[in-house]
Every structure is written in C-alpha cells, then in structure tokens.
Amino acid sequence: MARKQFDFDHQYRDLEKKIEELRQLSRQTQFDLDEEIEELGKKMQSIREKKYLNLCPWEKILLSRHPDRPSPNDLIEMIFEDWMELHGDRCYGDDPAIVGGIASFDGQPVTVLGHRKGRNTSEKVKNNFGMPHPEGYRKVERLLAQAEKFNRPVITFVDTQGAYPGVGAEERGQAGAIAQVLMTLTGLKTPVLSVVTGEGGSGGALALAVSDRLLMLSNAIFSVASPEAAASILLKDQDKVEDMASALKLTAADLKDLGIAHEIILEPAGGAHRDPQGSADSIKAGLKRHLEELARLSQEQMLEERYQRFRNIGVFLE
C-alpha cells in the first residue's frame with residue numbers, strides 16, 4: 001500500500017527528543033557528554049538535509065499536500081503590499097476557490113491570481129477544497145483582461161488537485177471556461193509569471209500556469225493527472241501509486257529537465273511549512289529577477305518567446 005503521510009520528520013523529532021533526554025540525564029548524573037551530543041546533533045542534521053535533497057517522487061507528492069504548507073493566500077500576504085481582493089465573474093457569481101486581485105510588488109502594480117483551499121474543515125468546504133468552478137475561471141478571465149488594459153504584469157500561484165468535475169460545473173461550461181483562459185493567456189500583452197507552490201493537477205492547474213516564466217518550489221508537483229487517478233485508470237491497481245508517481249515525471253526537477261519549468265526554488269529542510277516567511281522571500285526574489293528580465297523585452301519579443309516556449313514543449317515523431 002502507498003504511504004499516506006510523509007513521516008520522516010516525525011521520526012526525526014522523536015530522535016531529537018531522545019537526544020534532549022540524554023542531555024538532561026548527562027547533566028543530572030554529572031557525565032559531561034555535551035561534545036558528543038553536539039556532534040550527534042550535527043550528524044542528524046546532515047542526514048536530514050541529505051534526505052530532503054533526495055526524496056522520491058511520492059514523498060514529494062506527500063509534502064506538496066502537507067496541511068501546513070503555505071498556501072497561495074498565505075504567500076500573497078507575505079510577498080505583496082497593498083493587496084486588494086476582487087470578486088465575481090460578472091456572469092454567475094464568485095468562486096472562493098480562486099483568489100484574485102491587485103497589489104503592489106516591489107513598488108509596481110500587479111494582478112495576482114491563485115487557488116485557495118483553506119486550512120480547517122469549514123474553510124475547505126467553503127472553498128471546495130481548492131477545486132474551482134467555471135465562475136472561478138471566468139473571474140480569472142475578467143482579471144486578465146483588466147491587467148492587460150492597465151498594463152499590469154500578472155503573477156499566479158498554482159495549488160490545486162484540479163478543476164471541479166461535478167455536474168453543475170459541467171453544465172455551466174467548465175471546459176469552455178478553462179479553454180478561454182488558456183487562449184487568453186497565450187496572447188496576453190503583459191508579462192505572466194506562475195509559481196507552483198504545492199500540487200498542480202490537470203487543466204485546473206494549467207489554467208493558471210500558461211506563462212512566460214514557470215517557477216516551482218522544490219517539493220511542488222505538476223501533472224496532467226494525480227498518481228492515484230493514473231494508477232486507477234492505467235493499471236487498475238492503487239497499490240502501484242508510488243510507481244506511477246515516478247513514471248509521471250511530475251516533480252520540479254523533472255519539469256526543469258523537460259524544459260517546462262524555468263527555475264526551482266529550494267525549500268528549507270522539512271518543507272516550505274518549516275519556514276513560510278523564508279520560502280515567501282525566496283519566491284519574491286525569483287519573481288523579481290524574472291520580472292526584470294521580461295521588462296527588458298519588447299511586447300513583440302515577449303509574445304514570440306512565449307509562443308516558441310509552448311511550441312517546443314513535448315517530443316513527437318512524424
């Protein structure tokens with residue numbers, strides 16, 4: 001059976017407690033073991049860092065789904081100033097699974113979009129567990145048009161298992177709403193930067209990831225289908241989930257090798273949730289660097305590079 005939780009850090013913390021108990025016992029019995037205990041602590045930290053640099057794909061998937069991982073909503077608060085959320089698609093309603101608005105980034109006005117899952121049960125239910133409805137993507141479409149009108153760069157944050165596949169969503173045109181966003185993004189006359197912060201799944205994630213620059217946190221994933229869905233559809237065996245995770249080539253390193261992701265933003269040992277502000281600062285530095293590069297391009301150059309970028313993705317035989 002595939003592991004459902006990433007338990008390495010629990011084991012590490014258990015060892016830390018044992019070492020602290022040993023330190024206390026050493027002081028109580030007047031045995032001076034401070035030097036040996038310090039060396040043991042350094043060795044443990046080294047082992048921990050090596051572990052997090054060599055996670056298997058399934059372990060990265062589990063980390064990307066960690067409940068304490070900083071969400072797009074959290075990152076928006078930490079990265080931008082003067083944030084103002086905008087609501088509604090001007091057609092049907094407002095979808096809380098998509099957060100969007102305007103903000104200031106390094107003194108420059110930008111449009112910010114992202115998925116929103118929620119922390120506790122009530123928030124997750126309200127936000128439909130981060131799975132947008134068509135009105136969410138139509139809100140994206142509206143804010144993209146607004147960004148182009150006022151010449152604001154667009155920054156998106158991706159963290160969803162996919163768009164909502166329910167009957168109501170299909171009746172209201174889920175596929176068409178996503179397709180319209182994809183078409184708009186390919187020709188948007190303003191820079192677009194995307195950051196995959198957690199789980200990027202299916203067309204629901206792709207709708208916010210068609211961009212000039214794609215950045216990924218080192219434990220984030222991006223795939224056309226989840227390993228569970230792929231194992232069920234292709235192998236009819238949920239016990240093969242970990243094997244399918246490797247076969248899908250969905251990690252940040254895989255996407256960088258395939259030429260899809262431009263940059264991998266390293267997370268602290270233990271994952272982004274161990275240092276949310278540090279992770280936000282790293283994302284901010286990456287966004288600033290790429291935004292400055294795009295600002296040096298003419299509009300024609302930017303659109304041509306974006307076009308060629310997507311034309312060159314994939315391998316095929318004639």
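Is the crossing of helix 6 and helix 8 left-handed or right-handed? The legends below take up this crossing, then another helix pair and a cavity. The model is predicted, so that local features need pLDDT of at least 70 and side-chain atom pairs count only at pLDDT 80 or more, while totals for chains, interfaces and linings use all residues. Residues are numbered from 1 along each chain as its sequence is written, and side-chain values use heavy atoms, with hydrogens and water left out.

**View 1. Helix 6 and helix 8.** The crossing of helix 6 and helix 8 is left-handed, a term for a near helix turned anticlockwise from the far one by less than a right angle. The axes of helix 6 (residues 134-149) and helix 8 (residues 174-187) come within 8 Å and cross at roughly 20°, and the two helices are therefore roughly parallel (angles under 35 degrees). Helices here are DSSP runs (H or I, at least four residues), and strands are runs of E with at least two, numbered from the N terminus. Among the residues of helix 6 in contact (heavy atoms within 4.5 Å) with helix 8 are Y137, R138 and L144, and those of helix 8 include I178, V181 and L185.

**View 2. Helix 4 and helix 13.** Helix 4 (residues 72-79) packs against helix 13 (residues 276-295) at an angle of about 70°, with the axes 9 Å apart; the pair is therefore roughly perpendicular (65 to 115 degrees). Helix 4 contributes L75, M78 and I79 to the contact, whereas P276, Q277, A280, I283 and K284 come from helix 13.

View 3. The structure holds one cavity of 30 Å³ or more, a cavity being a set of points on a 1 Å grid over the protein atoms alone where a 1.4 Å probe fits but cannot get out. About 50 Å³ of space lies in the largest cavity, whose lining (residues with an atom within 4 Å of a point) is formed by Q161, E199, G200, G201, I221, S223, A225, S226 and P227. Strand 5 gives the largest share of this lining, three residues.

How values were computed. 1 Å grid on protein atoms, 1.4 Å probe; cavity = no way out; pocket = protein on both sides within 12 Å on 5 of 7 lines; lining within 4 Å. Points joined across faces, edges and corners; volume = space filled by probe spheres on them. Axes fitted to C-alpha atoms, helices over the stretch in contact; angles between N-to-C directions. Parallel < 35°, antiparallel > 145°, perpendicular 65-115°, else oblique.
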